[in-house]
Amino acid sequence: MKNTDIPLQLESVKLSEDKNSVVIIDQTLLPNRLEYINLYTPEQIYEAIYSLKVRGAPAIGICAAYGMYVSAKKLDMSSYEDFYKEFMRIKVFINSCRPTAVNLSAALNRMEKAVTDNKNLCMPDVIALLEKECAAVHEEDILMCKAISGYGLSLVSGGDGILTHCNAGPLATSKYGTGLGTLFLGHELGYRFKVFCGETRPLLQGARITVFELERAGIDTTLICDNMASAVMKNGFINACFTGCDRVAANGDTANKIGTSGIAVLAKYYNIPFYVFCPSTTVDFDCKTGDDIEIEFRNPSEIKIKFFKEPVAPETVKCYNPAFDVTDNSLITAIITEKGICEPPFYDSLAKLLK
Ligand code: MRU
């Protein structure tokens with residue numbers, strides 16, 4: 001499939017026209033195939049998020065919110081108590097599929113609140129409120145990404161070399177993206193960035209998705225292996241590092257795709273600013289530090305087999321496969337949110353801007 005054959009504006013998640021399913025792009029097939037799939041049941045929603053068909057912290061939150069709505073619509077219960085019990089069973093089930101991105105539980109909690117705040121309404125009215133709430137989760141993310149992109153622009157100059165890790169673009173969110181939004185916006189304004197994308201082992205979201213998104217927007221894009229980050233920094237190709245994130249603790253420690261913290265360490269060494277982009281929904285004041293963030297561990301087959309024609313390691317080898325790591329706040333130059341830019345000390349700046 002040629003990149004130019006695909007419509008420019010892609011929606012990673014939406015509600016189907018008949019409102020009975022969640023429609024997602026199967027991101028595991030990118031960049032070779034663009035396929036949409038419909039998710040009708042909680043089990044299908046769980047599986048799609050777990051297997052990264054839909055991925056990226058904001059996008060999984062939006063998918064889960066729509067998933068709660070389509071699942072709740074099908075509950076044939078007249079009493080509030082029965083409805084709530086089953087609603088909560090589904091909520092807990094979907095919430096258990098990926099632990100690190102706080103956007104998942106934040107979106108599900110909003111859906112729950114729409115139910116508990118309206119105990120006295122009849123079921124069809126509660127369902128109508130759930131539809132409004134999931135649409136609001138989606139709409140608000142679009143606005144947040146747009147605002148983040150604007151703030152990010154104040155940190156860069158035309159011609160800058162930018163290093164990205166994983167994917168924090170439109171497909172990881174609702175539209176625009178967080179980490180990549182500034183690059184799209186700047187490109188439209190003639191900034192002529194030179195973007196270096198880490199492939200992001202083991203699942204290659206950088207190579208498969210970030211490169212796909214940047215190239216089709218016409219941005220100068222170069223793919224590197226993750227272990228080349230130091231070389232591009234040392235050679236003077238990089239003016240700033242841009243990453244998204246899955247959860248930010250109250251002190252600014254930040255969980256993002258495995259490998260992010262290594263890039264931050266290198267950036268500090270080479271005196272290159274390291275910027276983290278996120279909507280305020282990714283900041284979790286209940287986590288005091290990064291030690292409180294649960295890190296997802298995934299199947300060793302992702303290291304040994306997935307995305308390769310043949311196994312790339314002996315079948316018998318043990319693997320250590322954390323999906324995320326935590327970047328210490330001391331390595332972060334700024335956290336860019338839709339409400340503004342937070343600088344160290346983050347414990348104060350995050351609370352002041354977002355609490
Ligand atoms: O495992 P993934 O692909 O969901 O990991 C995604 C990331 O680490 C992103 O950087 C993060 O979710 C932010 S997306 C705007």
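Predicted model: local features only at pLDDT ≥ 70, side-chain atom pairs only at ≥ 80, totals over all residues.
User: Which residues of α9 are buried?
Analyst: In α9, residues 260–269, the buried ones are T260, S261, I263, A264 and A267, where buried means under 20% relative accessible area with a 1.4 Å probe and protein chains only; helices here are DSSP runs of H or I with at least four residues, and strands are E runs of at least two, numbered from the N terminus.

User: Why are they on the same side of α9?
Analyst: Because they cover an arc of only 155° around the axis, taken from the directions from the helix axis to the C-beta atoms.

User: And what do they pack against?
Analyst: The buried residues of α9 pack against several elements, including α8 (229–234), β4 (161–164) and β10 (274–277), with contact meaning heavy atoms within 4.5 Å.

User: Switching to the sheet, what is the strand order?
Analyst: Seven strands form an open sheet of mixed pairing in the order β6-β5-β4-β7-β10-β13-β14, and two strands pair if DSSP finds at least two bridges between them. The edge strands, each pairing on one side only, are β6 (220–224) and β14 (340–342).

User: How many bridges join β5 and β6?
Analyst: Strand β5, residues 194–198, pairs with β6 in the parallel sense over five bridges, and K194 stands opposite D220 in β6.

Note on methods:
Residues numbered from 1 in each chain as written. Heavy atoms only, no water. Buried < 20%, exposed > 50% of the residue type's maximum accessible area, 1.4 Å probe, protein only.
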